[in-house]
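Here is a short report on a multi-chain model. Please read it alongside the structure shown below.

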Amino acid sequence: MGFLPFVVVAWVLVVGLYGIVTSRHLMHQIVCLIVVQSSTYVLLLAVGYRTGAVAPYFSDVPVHTPAVDPVVQALSLTDVVVEAAVTALLLAFAVQAHKRFGTLDPHELVQFKG
Amino acid sequence: MSGLLAVSTPYTVPAGLMDVLQAVLLVLVAAGATAVVLTRSPLRQVMVLSAYGLILALLFLAFQAPDVTLSELTVGSVLLPALLLLTLGRIRRREK
Amino acid sequence: MTGRQRLWIFVAGAAGLVAFLLWGLAGLPAFGHYPGPYGDIINRVAVAQTNATGVVSAVNFEYRGFDTLGEEFILFAAAAGIATVLRRLRGEHVITTRRAALDRVAPPASDTLRTAALAATGPVIVLGWFLATHAQTSPSGGFQGGVLLTTAFVLIFLAGQVLLFGRASPADLTDVAGAIGAGGFVAVGVTAMIMGLPYLSNFLPLGGMPGAVTSSGTIALISFLVGLEVAAAFLLIVTELTEQALLVREDGR
């Protein structure tokens, strides 16, 4: 159990990268990028976790209860929302690429230069 | 500080049980990520992504991070699939 | 270079990446034994210093407020980028009347979907508003609340009223809301500077009881402004993509 979260992080990262490399559709690539991003959220939260601790909200527990790290949670929280907007920007590019080139196959898109 | 609110300390899950829950959810996350990548049809992949977002949110909850759970649920299971489906609709329409 | 060669190069690279990654991750403290002093210090002092019982939001909007400002502007820039990328190109036009839109009508939404979507819109708006305004008390905050507010508009779209959706989220109102959110956050920081404090200091009264809605000074205000901005940015994104999907036509069709 001690090393399982980190193994899962590495696995999700590599699986997502494999999906990006072997993809034949731009939308599939974008979703694999989402998967790669999700591995970083798991890593952040795994780093901040403390066994037997509660969530860092003190409206119902006394202030000195051992709690998990709130800083990595703050990072992950904004991360999730902001990466969604950046993914939407990628989707907009995909729409325009499809309009111009008629195809979303990365292997064919590479041939259009300039 | 705690005397100001009339709520007693809530029930906490025994540490061993929480470990098992986290291990199960971690394995499910790894399986879910593999399923998302191996689904080649974009439309089907969006549905699998939505389910993957839900499992990820449950994992974050087991990591004692309710705020991140809320974010991941709304973004990963609802908003991102909506954006993806809108884009797919745009692309499909042009291919007809 | 064929696909198989590409795959073998990837496997070689990925093997190296995984080796280094696991080596690096093994150097971290074991899972569950978080050592770092920073999290413990914040947990201990946050409630006393800011009167906010939601420490994650206090970190987001107070202790690391400057980072949140940067992230919010990433969101803003992404939304502006999408509006630019999906601008009306030469040779396209946007239809605005209902009759012209009928050539690409989606399959009619079933009554169940329509009723459920419309019935859920109200509670979702209330929940999103609650989350955006209660950052300091419980798991909530501007980011989640803003996304939920956008989801309410997506529900209106799901109920089949696309052109109504366009009127319910007129571009002007969305732009104004986004500008108020983003500019407001900056203005809160500048107001602190005007008062002689460092940028983004918490200058509003902290309130009496920790965890009350009006407590924690600027945290509640900033969270609300962030929620407004996030909702506006995502609404703009969804509107742009919907317009592309349903309303933009090439000239001559």
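Is B:Gln64 buried or exposed? B:Gln64 is buried, because 23 other C-beta atoms lie within 10 Å. A residue is buried if 20 or more other C-beta atoms lie within 10 Å of its own, exposed if 12 or fewer, and partly exposed in between, with C-beta atoms placed from the backbone.

This is a predicted model: local features need pLDDT of at least 70, side-chain atom pairs count only at pLDDT 80 or more, and totals for chains, interfaces and linings use all residues. Residues are numbered from 1 along each chain as its sequence is written, and chains are lettered from A and ligands numbered from 1 in the order in which they are written.

**Chain B**

Chain B has three helices and zero strands. Its pattern along the sequence is α-α-α. Helices (H or I, at least four residues) and strands (E, at least two) are DSSP runs, numbered from the N terminus. Of the 96 residues in chain B, 46% are buried. Contacts need C-beta atoms, placed from the backbone, within 7 Å. Among the contacts in chain B between residues at least 6 apart in sequence, 49% join residues at least 24 apart.

The mean pLDDT of chain B is 85, and 83% of the residues score at least 70. pLDDT is the predictor's confidence in each residue, from 0 to 100. Within chain B, confidence is highest in α2(B), at 94, and lowest in helix α3 (residues 66–95), at a mean of 87.

B:Gln64 sits in the loop between α2 and α3 of chain B. Its phi is positive, about 60°, although it is not a glycine. Most residues other than glycine have a negative phi.

B:Arg40 lies in the loop between α1 (15–38) and α2 (42–62) of chain B. B:Arg40 is partly exposed, because 13 other C-beta atoms lie within 10 Å. B:Asp19 is 21 residues away from B:Arg40 along the chain, and their C-alpha atoms are separated by 34 Å.

**Chain C and its helices**

Chain C holds nine helices and two strands. From the N terminus on, they run α-α-α-α-β-α-α-α-α-α-β. Buried residues make up 40% of its 253 residues. Of the contacts in chain C with a separation of 6 or more, 72% involve residues 24 or more positions apart.

The expected span of a helix is 1.5 Å times one less than its number of residues.

| Helix | Residues | Expected span | C-alpha end to end |
|---|---|---|---|
| α1(C) | 24 residues | 34 Å | 34 Å |

α4(C) has buried residues, among them C:Thr68, C:Glu71, C:Glu72, C:Leu75 and C:Phe76. Seen down the axis of α4(C), its buried residues fall within an arc of 155°, so they line one face of the helix. The arc is that of the directions from the helix axis to the C-beta atoms. The face turned away from the buried side carries the exposed residues C:Phe66, C:Gly70 and C:Thr84.

C:Gly141 lies in the loop between α5 (111–133) and α6 of chain C. C:Gly141 counts as buried, because it has 32 C-beta neighbours inside 10 Å. C:Gly54 is 87 residues away along the chain, yet the two C-alpha atoms are separated by 9.2 Å. Leaving aside neighbours within four places in sequence, the contacts of C:Gly141 include A:Leu77, B:Asp67 and C:Ser223.

**Between the chains**

The contact between chains C and A takes 49 residues from chain C and 39 residues from chain A. α4(C) gives the most to the side of chain C that touches chain A, with nine residues. By class, that side has 31 nonpolar, 14 polar and four charged residues. Here Ala, Val, Leu, Ile, Met, Phe, Trp, Tyr, Cys and Pro count as nonpolar, Asp, Glu, Lys and Arg as charged, and the others, Gly among them, as polar.

In chain B, 17 residues are in contact with 21 residues of chain C. The chain B side has ten nonpolar, four polar and three charged residues.

The largest nonpolar core has 130 residues, and A:Leu45, B:Val29, B:Leu83, C:Ala233 and C:Ile237 touch the most other members. α9(C) gives the most to this core, with 19 residues. A nonpolar core is a set of buried Ala, Val, Leu, Ile, Met, Phe, Trp, Tyr and Cys residues joined through C-beta atoms within 7 Å. Not counting residues up to four places away in sequence, B:Leu83 touches A:Ala88, A:Leu91, C:Ile237, C:Val238 and C:Leu241.

Definitions and conventions: Contact = placed C-beta atoms within 7 Å.
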